Amino acid sequence: MTEPAITVRAFFERARAGQLVAIRCGSCGELAIPPKELCPKCHARAWREEPLAGNGTIASYTVIRVAPRAHAAGVPYAVAVVALKEGVSLLGRIVDIPLESLAVGMPVRFRPFVAPDQQPSIGFGPA
Ligand SMILES: [Zn+2]
């Protein structure tokens, strides 16, 4: 009997509350975020929660200038893949950083971000 892994829904609810949680495979030690059903490395299902500090650097980013209707009010905005210091990467919305100052390698910090469509999401702001 394995511990139930944190669900994707719970992951985003926790993120919305300001807590970034990854899961670590109890079999091979692989760290994953957001939660997955099976370990991508060893296919075990033996996850345990691991809180993350939320600090990382921008690995890549895209500025969105034409967005789906639900996000139209927010354009332009940037989304970035952030390499967290724990060794995993996570896609998030850039918050409170001028778009023209964005750069690969820039240090950022996780923060809750709620999109206009009320879907809780991941944000990254100044470190
Ligand atoms: Zn594993």
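**Entry 1: a pair of arginines.** I began with arginine 24 and found it opposite arginine 48 in β3. I keep in mind that this is a predicted model. Next I looked up how β1 and β3 are joined: they run antiparallel, with five bridges between them.

**Entry 2: the other partner of β1.** How many bridges join β1 to β2? I found two, and this pair also runs antiparallel. Here isoleucine 23 stands opposite alanine 32 in β2. I then followed the hairpin of β1 and β2, where five residues lie between the strands. Glycine 29 in this hairpin takes a positive phi near 90 degrees.

**Entry 3: the sheet as a whole.** I wrote the strand order down as β2-β1-β3, an open sheet of three strands with antiparallel pairing. Which strands stand at the edges? They are β2 (31-32) and β3 (47-51); each has a single partner strand, so one side of each is left without a neighbour in the sheet. A reminder to myself: strands of a sheet pair through backbone hydrogen bonds.

**Entry 4: the core.** I turned to the largest nonpolar core and noted 21 residues. Ile58, Ala80, Val82, Leu90 and Phe124 have the most contacts inside it. Among the elements that each supply at least two residues of this core, I listed α1 (8-16), β1 (21-25) and β4 (55-64). Domain 1 (8-51) and domain 2 (55-126) each give this core at least three residues.

**Entry 5: a closer look at isoleucine 58.** I left aside its neighbours within four places in sequence. The contacts of isoleucine 58 then include Ala80 and Val82, as well as Leu102, Ala103, Val104, Gly105, Met106 and Val108.

Note on methods: Residues numbered from 1 in each chain as written. Predicted model: local features only at pLDDT ≥ 70, side-chain atom pairs only at ≥ 80, totals over all residues. Core = buried A, V, L, I, M, F, W, Y, C linked by C-beta atoms within 7 Å. Buried ≥ 20, exposed ≤ 12 C-beta atoms within 10 Å, placed from the backbone. Helix = DSSP H or I, 4+ residues; strand = E, 2+ residues; numbered from the N terminus. Domains from an automatic or database assignment. Contact = placed C-beta atoms within 7 Å. Pairing = 2+ DSSP bridges.
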